[in-house]
Amino acid sequence: MQLRPVDDANPVQRALRSVVASRPGAWVSKRVLHRLDLLAHRLAPGRTLPSQWLAAVPVGMLTTTGARSGQPRTVPLMLAPLDDGWGVIASRYGSATPPAWYFNLRAHPQASLEVDGVVHRVRAEQVQGPDKERVREAALEYYRGYTAYEERAGGRDLGFFVLHPERD
């Protein structure tokens, strides 16, 4: 799957990214898109996820350990490719509360991330300051909707993480 930064995306991909960033699009996406990605991953593991295919954005399957349950939890997330791993933003489409995986990573920073069919063991680091801005800028290369999410979140710190690959 060829990922396309915002300026290289075709008109359909740009339109889809705009729809998802809108308030109604985020409402639908929050309830449908991740379920579609999870179903596709179950049916055809290691294949390109629907959201990645449709919008040509980097998406991976993050498996965390539940903060309260201790059980594995897998979610599709948009990734911001970095030189030292992947950035992720706990925006939850601009909701006032963070997603469950945010609390899971804070409680248990060891996780796994499947990207293009390859599973990586990662260690999550919540970042602030220059590293937070680095993750934000990398994410905006693919999806400018994060600016709308920041506005809708009502001042909530969205929660920026770098997922560092662990060495064997």
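Helices (H or I, at least four residues) and strands (E, at least two) are DSSP runs, numbered from the N terminus. The model is predicted, so I note its limits: local features need pLDDT of at least 70, side-chain atom pairs count only at pLDDT 80 or more, and totals for chains, interfaces and linings use all residues. Residues are numbered from 1 along each chain as its sequence is written, and side-chain values use heavy atoms, with hydrogens and water left out.

β1 gives the largest share of the cavity lining, 3 residues. The lining has 13 residues, and Arg-47, Leu-49, Glu-114, Asp-116 and Gly-117 lie nearest the centre. I sorted the lining by class and found 4 nonpolar, 6 polar and 3 charged residues. Here Ala, Val, Leu, Ile, Met, Phe, Trp, Tyr, Cys and Pro count as nonpolar, Asp, Glu, Lys and Arg as charged, and the others, Gly among them, as polar. The volume is about 60 Å³. I counted 1 cavity of 30 Å³ or more.

My rule for spaces uses a 1 Å grid over the protein atoms alone. A cavity is a set of points where a 1.4 Å probe fits but cannot get out; a pocket is an open set with protein on both sides within 12 Å along at least five of seven lines; lining residues have an atom within 4 Å of a point. Grid points are joined across faces, edges and corners, and a volume is the space filled by probe spheres set on the points.

**Leu-113**

Is Leu-113 buried or exposed? Leu-113 counts as buried because its relative accessibility is 0%. Buried means under 20% relative accessible area, exposed over 50%, partly exposed in between (1.4 Å probe, protein chains only).

About 840 Å³ of space lies in the largest pocket. Its lining has 33 residues, and the closest to the centre are His-34, Pro-76, Leu-77, Met-78 and Tyr-93. By class I found 22 nonpolar, 6 polar and 5 charged residues. Elements that each supply at least two lining residues include α2 (23–43), β2 (72–78) and α6.

I then turned to the largest nonpolar core, which has 24 residues. Such a core is a set of buried Ala, Val, Leu, Ile, Met, Phe, Trp, Tyr and Cys residues joined through side-chain atoms within 4.5 Å. Met-78, Tyr-146 and Tyr-149 are among those with the most contacts inside this core.

Which residues of helix α6 (residues 145–152) are buried? They are Gly-145, Tyr-146, Tyr-149 and Arg-152. Seen down the axis of α6, the buried residues fall within an arc of 120 degrees, so they line one face. The arc is that of the directions from the helix axis to the C-beta atoms. Leaving aside neighbours within four places in sequence, Tyr-146 is in contact with Met-78, Ile-89, Ser-91, Ala-139 and Leu-140.

**Gly-154**

Last, I looked at the loop between α6 and β7, where Gly-154 is found. Its phi is positive, near 65 degrees. Gly-154 counts as exposed, at 67% relative accessibility.

Note on methods
Contact means heavy atoms within 4.5 Å.
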